[in-house]
Structures are given as C-alpha cells and as structure tokens.
Amino acid sequence: MKSTVNEIREALTRVKSTPIDQAFVMPAEYYSSADFMQLEADHIFRKDWVCLGRADEVKEPGDYYTTELIGEQLLVTRGKDNAIRVLSNVCRHRGNMVASGKGKKSRFSCGYHAWTYDLHGQLLGAPLMSEVKGFDIACIRLPSFKTEIWQGFLFVNLDGNAEPLAPRINGLLPYIENYEVTDRVLGFTEEVTWQTNWKCLAENFMEGYHLDVTHPETLRPLTPTGLCERVATDGQYNAYYSYYDPKYPERGPFPPNLTERERRCSFMFGIFPNLVVAAAPNILIFLCLSPGSSDSVNIRWGMSSLPQSDGVTDEQREFMNQVNAEDKAKLETLQKGLQSRYLSSGPLAKPDLEGTIYDMYRYMAERLAGDVNLD
Ligand code: FES
Ligand SMILES: [Fe+2]
C-alpha cells in the first residue's frame with residue numbers, strides 16, 4: 001500500500017533516531033506524493049531561505065530577471081540605489097504579470113492596462129486612474145520580499161519570518177574560503193525543467209556514489225566515486241570533497257590561496273533546501289531548484305569563473321551540458337520507478353558516498369517530521 005503523507009512524516013521522525021551508518025532510503029512517496037509536495041511548498045519553500053541564483057546576474061542598476069517559485073511570480077531587480085530587490089511580479093491592479101524574461105529597464109509597464117512601476121516596485125503611473133475616487137498612486141507598490149546575499153548567492157524568504165541565513169551556514173566558510181566563491185564572475189545562467197522530484201536532483205548532485213556508473217566518460221576519469229569524502233555537518237547544509245583522479249591534469253588557473261589539497265578536488269556543498277554547488281579551482285557550478293510539482297523541477301543553473309580568467313569557456317559549458325544530460329536521463333527514469341506501489345527501498349551507501357542524502361533527510365525531518373507541529 002502507498003505511504004500516506006503521515007507515513008512519510010513518520011519515516012522522517014525515524015530519521016532523527018537513526019545513526020548515519022544505518023540510514024535507509026525514504027519511502028517512494030517522499031519523492032512522488034503531490035500532497036507531500038504541498039507540505040514542502042508551504043513549510044519549506046515559503047518559510048525558509050531559497051536561492052535564486054548569483055547576485056551578479058543583476059549587475060547594474062536596471063538589470064532584471066523574472067522567475068517563479070512555488071507558484072509565486074518573482075521579479076529580481078537592481079535599483080538605482082544599487083540594491084537588489086526581489087519583488088512580486090504581479091500587478092497591483094488586477095494581477096497580470098508585470099515583467100517577463102530578463103534584460104535591462106528603467107521601469108516596468110504592465111501589458112494589460114499599462115500601470116507602470118519603477119525598479120523598486122513603486123507605482124509611477126496608471127492611465128485614467130486619477131478619476132477614481134481615493135486612488136493614491138504613492139501608496140501602491142509591488143510587495144518586496146526579504147533577501148540575503150551570501151558568498152555572491154541571492155536568497156529570498158517569501159514569508160519574511162526566517163531567521164538570518166548566514167549564521168546558520170557560516171560553518172561552510174572555512175571549507176570554501178580559498179575557492180573565493182564570492183568573487184566568481186557569472187558566465188551564464190540558464191533555466192531548464194527536468195521531470196524529477198526536486199529532492200532527487202538535490203541528492204543526486206550531492207552524492208558521489210553514482211559518479212562512476214552514471215558518468216563513465218565525463219566524471220569518472222575526473223572525480224571517481226572511490227575518492228569521495230563526506231564532510232560531517234550540523235544538518236543545515238551538506239558537503240563532500242570530490243577528489244580528482246591523480247592522473248587527471250591540473251584544473252587551473254588557481255585562486256592564490258588554494259592549498260595543494262584543494263587544487264586536487266572540487267568542494268561540493270548544498271544549502272538546504274534548494275541550492276547545490278560545485279566549487280572547483282577554476283570554475284563554480286550552481287543549481288537552484290524550484291519545484292514545479294512532485295515530479296518536475298525547474299532548475300536555474302549556471303557557471304561562474306575566476307575574475308582573473310577569460311570567463312567560462314565553451315568547453316567547460318559543453319562538459320557540464322554532457323554531465324547534466326547524463327544525470328537528467330537517470331533522474332527521469334528514477335522518477336518513473338518511484339511511482340511503483342511495490343518499491344521497498346533499500347539502505348543508503350556508506351557515509352562518504354551517500355551520507356549527504358541522510359544529512360538532507362535530517363533537515364527535512366527537522367521541519368516536516370511527524371512530531372513537528374505544522375499549524
Ligand atoms: S492588471 Fe496590470 S495594469 Fe491592469
Ligand atoms: Fe551526476
């Protein structure tokens with residue numbers, strides 16, 4: 001029989017008392033239930049810090065892009081004051097979307113009746129509305145969500161009640177310091193949709209067990225499964241070292257403070273719930289996951305390079321396109337398997353290989369386990 005939402009939540013309760021070396025895979029419905037997805041939307045994606053991408057995607061005043069998160073339409077702008085804002089991209093008249101795509105503008109005009117807003121969300125003009133009694137243009141603005149920038153990543157908190165993010169994840173700083181993550185320069189961002197649950201993708205990016213088998217031509221010669229080493233964390237993020245095969249050529253140029261050891265690995269980290277990152281000596285790869293439904297995820301992903309390099313090369317991008325295609329194929333067949341009523345899931349591999357999945361379970365358990373009051 002299929003697990004209900006309550007059964008999923010009880011499985012999360014059991015996670016709390018299970019040692020990492022005895023960790024089990026969560027029931028299939030954890031990854032396939034629309035009802036559980038709704039719970040995640042309400043209690044994780046609306047309440048926690050969610051990453052939208054790199055701050056330098058809106059580099060100059062007037063730069064903007066639009067995106068969607070849990071059914072909310074968002075408009076990210078850099079204002080004349082140089083501050084980044086995440087605004088609701090929903091017109092205060094009757095709710096049409098104010099902007100679309102990305103680009104550079106000094107103001108946004110809603111395509112329905114031409115209400116026009118500035119980069120900060122303030123309404124500037126509304127045709128013929130001065131004739132309406134009590135209409136006060138100065139009082140109307142697009143809602144602005146709470147934001148935080150950490151190491152060059154832009155986070156948003158929809159409900160505005162989350163505790164500051166940085167103190168929760170600053171434990172990562174010693175690990176990433178020498179990779180100079182903040183200073184990396186955005187090469188490109190792209191949005192794609194995969195037919196898989198958002199957690200399957202987060203787990204996949206953060207476990208080294210699949211590398212040899214899923215990526216035989218791409219990652220196996222570079223970061224073989226056998227060299228993965230998990231970093232123990234306090235449950236607010238997960239991380240592992242993905243060491244390079246000694247036969248693989250150097251991946252310079254290098255940030256100046258990178259140690260010999262750091263030159264020979266990518267530091268992989270995930271900030272729960274939705275950001276996963278590979279910090280390699282010469283390149284930064286990030287994926288921001290935005291669930292569309294229980295079995296589809298929208299991915300804003302991109303690559304950033306070192307400021308002293310010539311930018312992201314076509315070769316680097318092509319390599320990641322290949323890796324992503326290999327992961328996508330596996331995750332989309334996985335999602336089909338997870339629809340089965342007969343799946344009885346197995347144990348996780350040893351902590352260095354799949355302990356990072358258990359780390360994410362613990363984060364989910366903290367928020368959604370059966371003993372957590374969700375009222
Ligand atoms: S809905 Fe935007 S101007 Fe009417
Ligand atoms: Fe992969």
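**View 1. Strands β13 and β14 run antiparallel, joined by seven bridges.** Strand β13 covers residues 237-243, and β14 covers residues 265-271. Strands are DSSP runs of E, at least two residues long, and helices are runs of H or I of at least four; both are numbered from the N terminus. Two strands pair if DSSP finds at least two bridges between them. Tyr237 stands opposite Ile271 in β14. This is a predicted model, in which local features need pLDDT of at least 70, side-chain atom pairs count only at pLDDT 80 or more, and totals for chains, interfaces and linings use all residues. Residues are numbered from 1 along each chain as its sequence is written, while chains are lettered from A and ligands numbered from 1 in the order in which they are written.

**View 2. A hairpin joins β14 to β15.** Three residues make the link. Strand β15 spans residues 275-279 and pairs with β14 in the antiparallel sense, over five bridges. Phe267 has Ala279 of β15 as its bridge partner.

**View 3. Strand β14 is mostly covered.** Seven of its seven residues are buried. Buried here stands for 20 or more other C-beta atoms within 10 Å of the residue's own, exposed for 12 or fewer, and partly exposed for counts in between, with C-beta atoms placed from the backbone. In a regular strand, side chains alternate between the two faces of the sheet. Cys265, Phe267, Phe269 and Ile271 point one way from β14. Ser266, Met268 and Gly270 point the other way.

**View 4. Seven strands form an open, antiparallel sheet.** The order is β1-β10-β9-β4-β3-β2-β5. Strands β1 (50-54) and β5 (102-104) are the edges, and each pairs on one side only. From one strand to the next, the twist averages 30°. Within this sheet, β4 (residues 84-88) and β9 (residues 144-150) pair over two bridges, in the antiparallel sense. Val86 has Phe145 in β9 as its bridge partner.

**View 5. Helix α1 crosses helix α10 at roughly 120°.** Helix α1 holds residues 5-16 and α10 holds residues 351-368; their axes come within 9 Å. Axes are lines fitted to C-alpha atoms, for helices over the stretch in contact, and angles run from 0 to 180 degrees between N-to-C directions. The two helices are therefore oblique to each other. Angles under 35 degrees count as roughly parallel, over 145 as roughly antiparallel, 65 to 115 as roughly perpendicular, and the rest as oblique. The crossing is left-handed. That term applies if the near helix is turned anticlockwise from the far one by less than a right angle; clockwise is right-handed. Arg9, Leu12, Thr13, Val15 and Lys16 of α1 meet Tyr361, Arg362, Met364, Ala365 and Leu368 of α10. Contact requires C-beta atoms, placed from the backbone, within 7 Å. Six nonpolar, one polar and three charged residues take part. Ala, Val, Leu, Ile, Met, Phe, Trp, Tyr, Cys and Pro count as nonpolar, Asp, Glu, Lys and Arg as charged, and the others, Gly among them, as polar.

**View 6. Helix α6 passes α9 in a right-handed crossing.** Cys200, Leu201 and Asn204 of α6 touch Asp327, Leu331, Leu334 and Gln335 of α9. By class, the contact of α6 with α9 has four nonpolar, two polar and one charged. Seven of the eight α6 residues are buried, so the helix is largely enclosed by the rest of the structure. Those buried are Trp198, Lys199, Cys200, Leu201, Ala202, Glu203 and Phe205.

Key: Two residues are in contact if their C-beta atoms, placed from the backbone, lie within 7 Å.
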